Amino acid sequence: MADKTIILKGRLIDGNGGTPIENSAVIIEGNKIKTVCPASECPEIPGAIIYESENGSILPGLIDSHVHMSWCGAKAIEWITSTPQMAMAYALKDLATVRKSGYTSVRDMGSDAIFFKEPAKAGLIDIPRIFGAGKILTQIGGHGDAYQKLSLEASMHTYSPAVIVNGVDEVRRACRVNARNGADFIKIMTTGGVFSLGDTAAPHSHFSQDEIRAAVEEAENMGTYVAAHAQANRGIRMALKNGVKSIEHGFYLDDECVEIMVKNDCYLVPTLSIMHTSKTYFENKEGVLEYLKEKTNAAYEAHYKSLELARKAGVKIAMGCDFLSDPEFGCSYDKSTMEFERMKYAGFTPLEIITMATKRGAELMLASDKLGTVEEGKIADVIYVKGNPAEDILLMCNEQNVGLVLQDGRVVKDIL
Ligand SMILES: [Zn+2]
């Protein structure tokens with residue numbers, strides 16, 4: 001924990017979505033934000049380190065609400081031929097990379113990254129905060145049964161970010177194993193995916209309602225919630241009707257879905273970036289199977305319509321890139337801020353986007369009392385951006401513009 005007082009002076013964009021406040025001061029003592037006040041009222045504090053620059057902006061530390069740290073590439077064959085050691089090495093590299101862009105927390109949507117929480121707490125490694133799902137629950141032949149050229153028996157025994165479960169008892173067991181390993185929430189897959197052989201837009205969905213409800217009950221017993229990888233309409237609806245709190249991707253929402261989401265205070269994490277990189281990759285790559293291109297293009301269009309429907313209905317939206325650590329595919333974590341650009345393309349204002357990338361993420365981490373906004377009493381996860389992202393959100397896409405990153409009151413990046 002830092003013991004020095006740090007003072008940031010500049011434009012305050014606090015994450016709540018209100019008008020930025022020019023000439024503000026944020027006083028940080030130890031790991032907490034002690035005072036937020038006009039710079040003119042900032043007291044002289046002997047020994048305090050002051051950061052200020054012309055046109056600088058103070059923001060909450062960013063939260064990527066959909067990552068897969070410890071994932072070794074975009075192709076299913078890479079998932080199943082990897083080793084835990086290789087996956088961990090990827091994770092450490094990627095965690096360091098995202099923090100340079102200002103991410104002080106990540107919501108890990110399925111991997112072994114939860115095992116980093118203890119070493120981080122013990123001071124052995126210095127990484128962004130992790131709020132993680134552990135192993136993703138998938139059904140036989142589901143999106144997490146990733147490489148279906150293998151026999152089921154082999155698929156169940158490969159190293160994978162997912163666990164294949166069948167029936168209520170196995171769902172409960174997998175949830176409890178995740179809880180035992182320190183998972184913060186449960187992730188299930190209630191539809192196929194763009195890369196899997198089942199059709200994303202098809203009316204089928206994965207897991208019975210009993211299985212979904214069992215996961216929800218187990219999650220609630222852990223004091224947390226279930227997030228669902230859900231792309232096709234029926235799988236989204238089944239998830240929502242059975243108590244799932246966050247829909248990841250959500251390509252084919254309809255009026256009924258968004259109505260339930262608003263009523264039950266559910267979240268949408270659209271993950272536009274992974275779809276954008278997929279589309280770009282498939283368009284430019286020779287020999288890609290036609291069905292993959294068609295499915296990606298259809299889903300790409302539907303995705304933005306779905307997001308617009310959610311936006312109009314007032315669904316809470318958080319931001320995540322869903323990258324898979326693969327430079328060739330275009331989804332390496334040095335590009336994780338692509339989601340800012342994609343959200344702008346989708347029509348959101350800079351302040352809306354900043355709230356999605358901060359406050360909404362903290363809500364999904366069940367930590368909105370501690371993180372996600374720059375307010376007195378909160379933990380000092382704060383970044384200092386060169387320029388005004390409330391006017392030009394694309395500033396966030398270049399890590400050189402993130403001059404300072406504080407996590408838990410400690411300076412973890414300083415290029416101011
Ligand atoms: Zn994902």
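Modeller: Lys279 lies over the face of Tyr300, 4.6 Å from the ring centre. A charge counts as over a ring if NZ of Lys or CZ of Arg is within 6 Å of the ring centre and within 35 degrees of the ring normal. Arg311 also has its charged end over a ring, that of Phe348, at 4.6 Å from the centre.

This is a predicted model, in which local features need pLDDT of at least 70, side-chain atom pairs count only at pLDDT 80 or more, and totals for chains, interfaces and linings use all residues. Residues are numbered from 1 along each chain as its sequence is written, and side-chain values use heavy atoms, with hydrogens and water left out.

Next come the salt bridges. With a side-chain nitrogen of Lys or Arg required within 4 Å of a carboxyl oxygen of Asp or Glu, the count is 27. One of them joins Arg172 to Glu217, at 3.0 Å from N to O. Arg172 belongs to helix 5 (residues 168–180) and Glu217 to helix 6 (residues 209–221), so this bridge ties together parts 45 residues apart in sequence; helices here are DSSP runs of H or I, at least four residues, and strands are runs of E, at least two, numbered from the N terminus. Glu217 is partly exposed, at 38% relative accessibility, where buried means under 20% relative accessible area, exposed over 50% and partly exposed in between (1.4 Å probe, protein chains only). Arg172 and Glu217 are also linked with Arg176 and Glu218 in a network of salt bridges.
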